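Here are my notes on the model you sent over. Have a look at it first, then read on.

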Amino acid sequence: MTQSTLAPGLVLRDPALLEMRCFVNGSFVGEGMDPVNNPANGLVLGHVPDFGAAEATQAVEAAQQAFHPWAALTAKERSAILRRWFDLIIDAREDLALILTSEQGKPLSEARGEVDYGAAFVEFYAEEAKRISGETLPSHRSDGRILVLRQPVGVVAAITPWNFPIAMITRKVAPALAAGCTVVAKPAPETPLCALALSVLAKRAGFPDGVFNVITGDAVEIGGIFTSHPAIRVVSFTGSTEVGKLLMRQSASTLKRVALELGGNAPVLVFDDADIESAVAGALASKFRNTGQTCVCANRIYVQSKIYDAFVERFTAAAAQLKIGDGTIDGMQLGPLINERAVQKVERHLSDAVDKGGRIITGGKRHRLGGTFFEATVVINAHSEMAMAREETFGPVAPIFRFESESEAIAAANATTSGLAAYVFTRDVGRVFRVSEALEYGMVGVNSGLISTELAPFGGVKESGNSREGSHHGIEEFVDKKYVFVGGL
Ligand code: SIN
C-alpha cells in the first residue's frame, strides 16, 4: 500500500519508500487512519495506522522472540547488516530528504544534511559493533579470574521526536542493534514517514524478522505498553521534559532503564574579545537551524556590553536576509513551524517579551506566506523575567541580552533547570576553559554554533536528560555488565 508521489511534481525515484503501514515482525501491516500533513501547505501526505496497546504488545513480543537469535550472531554478522542499511540509506538520500522535507518542513539542504547525519550513526555503530569489549580484572583469589562481559540488555523501546525524523531514529536504533538488542520504535505522529522509509530499507538490508519494528498510533497506549511490558528493558526517549518525567514515573514499577534526551534552553555567550564575524555566524547557525526547532538551538544570546551594538546590528541584518518558504524550493533557509501550536507559543513569548520591555527589531509576526511560516525575529533589551529566558521558545526568535562580566554571564547561563547545550565565543584561551568548566551543561560549543556529530556524546544534565547518544558512549545504555567469577583454576 504505497503511493508514488508526495505532491504533484514531487515524484520519488523509489516509490516503495513512501510506506504508510507499520513494520512488525518483518511485515508491513495496518490500515491508514491517522493523517500526516505537509506543514508547508497543510496538504495530507497520507494516512498511517492508529495502533494501540494490542498491536504494541504484538510488536514487543515479536522483538522479544527475535532477541536471542539476533544477540547470538557474531558482532561481525550484525555489523555487516548495519553496514548494508547505511549503504541503502545513502543510496536513497534524495528520496529520504524529499520525504523528510515534505512531512517536517525543513529546507531540502538541511534535510539532505540530516540524512547524512542520520546515516552516520548507522555507519559508526556498524563499526562499533565489533568493539563492544569486556574486561578481565585482578582477582581476589589466585585460583580464580574475574571477567566482565558486556551483554545486550534485551528489547529496547525508542520514542522519537518530529524535529529530526531520521537522525533521532538512527541515533537510538543503530547502537541498540549493534549491541545485540532488538527494537520497537514509535516515531512522532507528525513525522512517521521517514521512520517507515527507514524500515523499508532495513528490510532490504536483511535484518531478521522482529529485530527492528516501527509502529505508529496512540501515544498513551503505546507508551503504556513500552513502560510496563516486562520484555522491554530500556525506554529511550527524545522529546519534552514533561513527557520524559512521565515515562520515567511509568517505568518505575518494572525498573526499566530510561534514557532521556529532553528539552534545552541553550545560552550563547559572546565575549568582548570574540571574533565578531564568527560569533554572528555561529549564533545564527545555532539559532535558525531547523527554523529554531532543535533542542540545542540558541535560546538566549548574551553579548558583552562593548560589542553589544555591533553584534546586534550584524546579527539582525543577517537574520533579516534569511529566505523563508517551502523547503522543497531551492535556496530556502527557513521552513514552516511544525504546527499552529508551535506558532502560538512563539507569539506568546513575543507578546510577553514586549510587555516586559523587549523591543522587536526585525520580524515579530507570522510570515506573509501564511500557514505556520514565521518571520526570523530579533528581540533586544531581553532580560531574565521574560518567558523566553526561562522556557525553550522552539522557534525563529533570538532574544539578545547584555552582560558586563564573565561571572554575570555564567550565572545567567546557568539560571535554568535545563542543561543541554551552551555556546561560548571568545579568543581568550583561559576563558575557554574557565567558562566551559563552569557551565552546567552536557555540551559546550566554543567558537562554533553547530556541534552535533555521531563522533561525540550528545546529551544533557539537570532536567535536560540523563544519557548520552553518539560515540562509543552511546552503546552504554544498551549493554549490561555481567560479572563472571571463574574459580578452581
Ligand atoms: C534535537 O534537537 O533533539 C537533536 C539535535 C541534534 O542532534 O543536533
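The numbered points below go from the overall fold to a few single residues.

1. Ground rules first: this is a predicted model, where local features need pLDDT of at least 70, side-chain atom pairs count only at pLDDT 80 or more, and totals for chains, interfaces and linings use all residues. Residues are numbered from 1 along each chain as its sequence is written, and side-chain values use heavy atoms, with hydrogens and water left out.

2. On the fold: there are 14 helices and 21 strands in the chain (DSSP runs, H or I of at least four residues for helices, E of at least two for strands, numbered from the N terminus). The radius of gyration is 23 Å, close to the 23 Å that the globule rule gives for 489 residues, so the chain is as compact as a globular protein of that length. That radius is taken over C-alpha atoms, and the rule is 2.2 Å times the number of residues to the power 0.38. Along the principal axes, the C-alpha trace spans about 70 × 65 × 40 Å.

3. Take the contacts (heavy atoms within 4.5 Å) with a separation of 6 or more: residues 24 or more positions apart account for 72% of them.

4. On the rings: the whole structure has eleven aromatic pairs (Phe, Tyr or Trp rings, the six-membered one for Trp, with centres within 6.5 Å; planes under 30 degrees apart are stacked, over 60 edge-to-face, the rest tilted). Phe-271 and Phe-403 make an edge-to-face pair, 5.3 Å centre to centre with 80° between the planes. Phe-271 sits in the loop between strand E14 (266-270) and helix H9 (276-288) and Phe-403 in strand E18 (residues 397-403), so the pair ties together parts 132 residues apart in sequence. Both are buried. Elsewhere, ring pairs join Trp-70, Trp-85, Phe-207 and Phe-212 into a cluster.

5. What does Asn-414 touch, leaving aside neighbours within four places in sequence? The list is Ala-438, Leu-439, Glu-440, Tyr-441 and Lys-462. Asn-414 belongs to helix H13 (residues 406-414) and is buried, at 13% relative accessible area.

6. Ile-338 is in the loop between helix H10 (305-321) and helix H11 (340-355), and counts as buried at 10% relative accessibility. Not counting residues up to four places away, Ile-338 touches several residues, among them Pro-39, Trp-162 and Gln-293.

Technical notes:
Buried means under 20% relative accessible area, exposed over 50%, partly exposed in between (1.4 Å probe, protein chains only).
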